Amino acid sequence: MAIEHKDIAGIREDYVKGILSKNEVKSDPLKQFEIWFNQALDASVTEPNAMVLSTISVNEFPSSRVVLLKDLQQNGLSFFTNYQSQKGKDLDNCNRVSVLFFWAELQRQVRIEGYVEKLSPEDSDEYFASRPRGSRIGAWSSPQSAVIPDRDFLEKKVERFAQDFEDSEEIPRPDFWGGYIVKPVKVEFWQGRSSRLHDRIQYTLEENGTWIINRLAP
Ligand SMILES: Cc1cc2nc3c(=O)[nH]c(=O)nc-3n(C[C@H](O)[C@H](O)[C@H](O)COP(=O)(O)O)c2cc1C
């Protein structure tokens, strides 16, 4: 039995907003990423730092969710989360991830594969301290990814931690919460083109530390 829906098959966009060639890209994919990220900012893309992070779960299924890119360093991309969440457990078990950005307004996609490492406690402290007070209390209150009885359970926890920290300007970072850095080994820049003949430029990290750049068929 078919599910009633509007014409999904008829949703079709022709991609005409840009082109990408091998000779125009930077030799370092993170430098190229920086250029595209800045262009996404200039184009007022909605939440350009939202990225789909896929982990390999303990039961060996890929598992995806959105997290926010919080820093771009020379050697990788960082994000923050609860270390005891599902993704935290996945990453304890297997540090290989994939990250995906889709910037619809620019008809662009960036795919990254790499290894994650935990950020230093100092780097996590620094970012935690920059978060709004409500988010810091939220981090203490949410046993991320655990089954909870109801919304009330969460709100009671928030009330409790708000009271605990009532008299302190500073809220320490819980040790179960912090950052990771994704260090890429493969990066692909995808620019949508007309008639589905898209541009795909892929970087692969060689053992000697150099990046090989190839064009892939769309
Ligand atoms: C736009 C957006 C941004 C998000 N940013 C984060 C984030 O930076 N860190 C995080 O832990 N979860 C973030 N989430 C929630 C995650 O998608 C996810 O629900 C949560 O981390 C639990 O995932 P897990 O059970 O696989 O560990 C975000 C969700 C959305 C839709």
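How many helices and strands are there in the protein chain?

**Figure 1. The whole chain.** The protein chain has 5 helices and 9 strands. Helices (H or I, at least four residues) and strands (E, at least two) are DSSP runs, numbered from the N terminus. The model is predicted: local features need pLDDT of at least 70, side-chain atom pairs count only at pLDDT 80 or more, and totals for chains, interfaces and linings use all residues. Residues are numbered from 1 along each chain as its sequence is written, and side-chain values use heavy atoms, with hydrogens and water left out. In sequence order, the pattern of the protein chain reads α-β-β-β-β-α-β-β-α-α-α-β-β-β. The C-alpha trace spans about 60 × 55 × 40 Å along its principal axes.

Figure 2. The protein chain has 218 residues, and 38% of them count as buried. Buried means under 20% relative accessible area, exposed means over 50%, and partly exposed lies in between (1.4 Å probe, protein chains only). The accessible surface comes to about 13,400 Å². Carbon and sulfur atoms hold 50% of that surface. Areas come from the Shrake-Rupley method with a 1.4 Å probe; for residues, only the protein chains shown count as cover. The chain carries 28 positive and 34 negative charges, and their mean positions are 5 Å apart. Lys and Arg count as positive, Asp and Glu as negative; His and the chain ends are not counted. Each charge is placed at NZ of Lys, CZ of Arg, CG of Asp or CD of Glu.

**Figure 3. The largest nonpolar core.** This core has 31 residues. A nonpolar core is a set of buried Ala, Val, Leu, Ile, Met, Phe, Trp, Tyr and Cys residues joined through side-chain atoms within 4.5 Å. Phe33, Phe79, Phe101, Trp103, Val110 and Phe189 have the most contacts inside it. Two or more residues come from each of helix 1 (29-42), strand 1 (50-56), strand 4 (76-82), strand 5 (96-103), strand 6 (108-118), strand 7 (177-191) and strand 8 (199-205). Helix 1 gives the largest share, 5 residues.

**Figure 4. Contacts around Phe79.** Which residues does Phe79 touch, not counting residues up to four places away in sequence? They are Met51, Leu53, Val67, Leu68, Leu91, Val116, Gly178, Gly179, Tyr180 and Val182. Contact means heavy atoms within 4.5 Å. Across the protein chain, among contacts between residues at least 6 apart in sequence, 65% join residues at least 24 apart.

**Figure 5. Aromatic pairs.** The count comes to 19 aromatic pairs. Rings of Phe, Tyr and Trp (its six-membered ring) pair if their centres lie within 6.5 Å; planes under 30 degrees apart count as stacked, over 60 as edge-to-face and the rest as tilted. Tyr15 and Trp190 form an edge-to-face pair, 5.7 Å centre to centre, with 75° between the planes. Tyr15 lies in the segment before helix 1 and Trp190 in strand 7, so the pair ties together parts 175 residues apart in sequence. Tyr15 is partly exposed, at 22% relative accessibility. Trp190 is buried, with a relative accessible area of 14%.

Figure 6. Phe33 and Phe37 form a stacked pair, 5.9 Å centre to centre, with 20° between the planes. They sit 4 residues apart in helix 1, so about one helical turn separates them. Both Phe33 and Phe37 are buried. Ring pairs link Phe33, Phe37, Phe101 and Trp103 into a cluster.

Figure 7. Helix 4 covers residues 133-141, and its buried residues are Arg136, Ile137, Ala139 and Ser141. These buried residues pack against helix 3 (121-130), helix 5 (151-164) and strand 7. Gln144 lies in the loop between helix 4 and helix 5. Gln144 is partly exposed, with a relative accessible area of 32%. Leaving out residues up to four places away in sequence, Gln144 touches Thr81, Asn82, Gln84, Ser85, Gln86 and Lys87. Ser145 lies in the loop between helix 4 and helix 5. Its phi is positive, about 80°, although Ser145 is not a glycine.

**Figure 8. Ser44 in its loop.** Ser44 is in the loop between helix 1 and strand 1. Ser44 has a positive phi of about 55°, although it is not a glycine. At 58% relative accessibility, Ser44 counts as exposed.
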